[in-house]
Amino acid sequence: QQRPPFSAARYGAVTKVYVVAKQDLAMVEEYQRQMIAGIPVAEVREMADADHMVMFSAPEELAGHLADIANTYT
């Protein structure tokens with residue numbers, strides 16, 4: 001309870017990037033931002049037209065982000 005829940009030792013040393021789905025009605029943007037605030041992320045990206053199922057609502061844009069993230073952080 002006294003240790004922070006996320007650290008390199010407890011959560012891994014993998015670089016994390018969070019993608020905010022701005023049209024997500026299940027996890028609204030405010031909640032997504034609260035989740036981001038609690039974990040160390042290298043970058044936050046936004047997808048304006050993506051809903052809760054990003055891989056269905058904006059697959060091409062997601063694929064572009066994932067490819068760019070992989071190229072940037074490897």
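These notebook entries record what I looked up about salt bridges and one surface patch in a predicted model.

**Entry 1. Ground rules.** I worked with a predicted model, in which local features need pLDDT of at least 70, side-chain atom pairs count only at pLDDT 80 or more, and totals for chains, interfaces and linings use all residues. Residues are numbered from 1 along each chain as its sequence is written, and side-chain values use heavy atoms, with hydrogens and water left out.

**Entry 2. Salt bridges.** I began with the general idea that side chains of opposite charge can pair when their charged atoms come close. I took a salt bridge to be a side-chain nitrogen of Lys or Arg within 4 Å of a carboxyl oxygen of Asp or Glu. By this rule I found 6 salt bridges.

**Entry 3. Glu-29 and its partners.** I looked up Glu-29 and found its side chain in a salt bridge with Lys-22, at 2.9 Å from N to O. Glu-29 also forms a salt bridge with Arg-33, where the closest N and O atoms are 3.1 Å apart. Arg-33 and Glu-29 are 4 residues apart in helix 2 (residues 29–37), so about one helical turn separates them.

I then checked exposure, where buried means under 20% relative accessible area, exposed means over 50%, and partly exposed lies in between (1.4 Å probe, protein chains only). Glu-29 is partly exposed at 24%; Lys-22 is partly exposed at 30%, and Arg-33 is partly exposed at 30%.

**Entry 4. Asp-68 and Arg-45.** I noted a salt bridge between Asp-68 and Arg-45, with the closest N and O atoms 2.6 Å apart. Asp-68 lies in helix 4 (residues 59–72) and Arg-45 in strand 2 (residues 43–47), so this pair ties together parts that are 23 residues apart in sequence. Asp-68 is partly exposed at 37%, whereas Arg-45 is buried at 9%.

**Entry 5. A network.** I recorded that salt bridges with shared partners join Lys-22, Glu-29, Arg-33 and Glu-46 into one network.

**Entry 6. A nonpolar patch.** I found that Met-53, Met-55 and Phe-56 make a nonpolar surface patch of about 340 Å². Patches consist of residues with over 30% relative accessible area and no salt bridge; like charges are joined within 9 Å, and nonpolar side chains (Val, Leu, Ile, Met, Phe, Trp, Tyr) within 5 Å. Met-55 is in helix 3 (residues 54–57) and is partly exposed, at 46% relative accessibility.

Note on methods:
Areas by Shrake-Rupley, 256 points an atom, 1.4 Å probe, with all protein chains shown as cover. Helix = DSSP H or I, 4+ residues; strand = E, 2+ residues; numbered from the N terminus.
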